[in-house]
Amino acid sequence: MKTNFYLKIKKIESTLYEVLSSFVLIALVILLFLIAFQIISRYFRLQYLAPPDEIITLVYVWMLFIGTAILVRNTDHIRIELLDNFLKDRPKLKSIYNMVVCLLILIFLLVMIKSSLVLYEKSGSRASPMLQWPQRIWYMSLPISGFLMAFYLMVRFFRNTYELLKKRT
């Protein structure tokens, strides 16, 4: 039963990772094309186009925060390598250290999610200057990426807990 649940979570996690990675890749390609278009239009002194600037900002914000969730999943975020190297030969202590790091990041994420939801609510009916799109579209990336990061951290926390309990027996 426990193994079946773990396999389901692992499947969900890997599928989500593939979707998010594709999203970030597509966003990067869109950014490249829009920025190239803006550069070419300014070089040839074509009419200045402000809407692509807003779309560039929107795509960049989403790519940045979803990409951060991928970094958290892969543990590619900023870490103190000195402690990692020191604990390399102490697997039990390293598991405890990783669990503490996960909990500290989760606490930060709870504050981030709460604050981003407040920001989302305060954006209300404000619209972007040129496209007149709701600014909530920009701010929605914060809580969504926060929940994604929290999900990946909980998966890592439970994986570390499982490894720690497995080493005890």
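Visitor: What counts as a helix here?
Guide: Helices (H or I, at least four residues) are DSSP runs, numbered from the N terminus. Q38, for instance, lies in helix α1.

Visitor: What kind of model is this?
Guide: This is a predicted model, in which local features need pLDDT of at least 70 and side-chain atom pairs count only at pLDDT 80 or more, while totals for chains, interfaces and linings use all residues. Residues are numbered from 1 along each chain as its sequence is written, and side-chain values use heavy atoms, with hydrogens and water left out.

Visitor: Back to Q38: is it buried or exposed?
Guide: Q38 is buried, at a relative accessible area of 4%. Buried means under 20% relative accessible area, exposed over 50%, and partly exposed in between (1.4 Å probe, protein chains only).

Visitor: And which side chain does Q38 contact?
Guide: The side chains of Q38 and D53 are joined by a polar contact of 2.8 Å. Such a contact is a pair of N or O atoms within 3.5 Å; within protein, one must be able to donate a hydrogen and the other to accept it, and residues adjacent in sequence count only if both atoms are side-chain atoms.

Visitor: New topic: how many aromatic pairs are there?
Guide: The structure holds four aromatic pairs. One of them joins F23 and W62, edge-to-face, with 6.4 Å centre to centre and 70 degrees between the planes. Rings of Phe, Tyr and Trp (its six-membered ring) pair if their centres lie within 6.5 Å; planes under 30 degrees apart count as stacked, over 60 as edge-to-face and the rest as tilted.

Visitor: What does the pair of F23 and W62 tie together?
Guide: F23 lies in helix α1 (residues 2-43) and W62 in helix α2 (residues 50-73), so the pair links parts that are 39 residues apart in sequence. F23 is partly exposed, with a relative accessible area of 36%, whereas W62 is buried, at 16%.

Visitor: Why is the pair of F157 and F158 edge-to-face?
Guide: Their ring centres are 5.7 Å apart and the planes stand at 75 degrees, so the pair is edge-to-face. F157 is buried, with a relative accessible area of 18%, but F158 is exposed, with 55%.

Visitor: Where does the charged end of R73 sit?
Guide: That end sits over the ring of Y17, 3.8 Å from its centre. For a charge to sit over a ring, NZ of Lys or CZ of Arg must be within 6 Å of the ring centre and within 35 degrees of the ring normal.

Visitor: What about R90?
Guide: R90 lies over the face of F86, at 4.4 Å from the ring centre.

Notes: Helix = DSSP H or I, 4+ residues; strand = E, 2+ residues; numbered from the N terminus.
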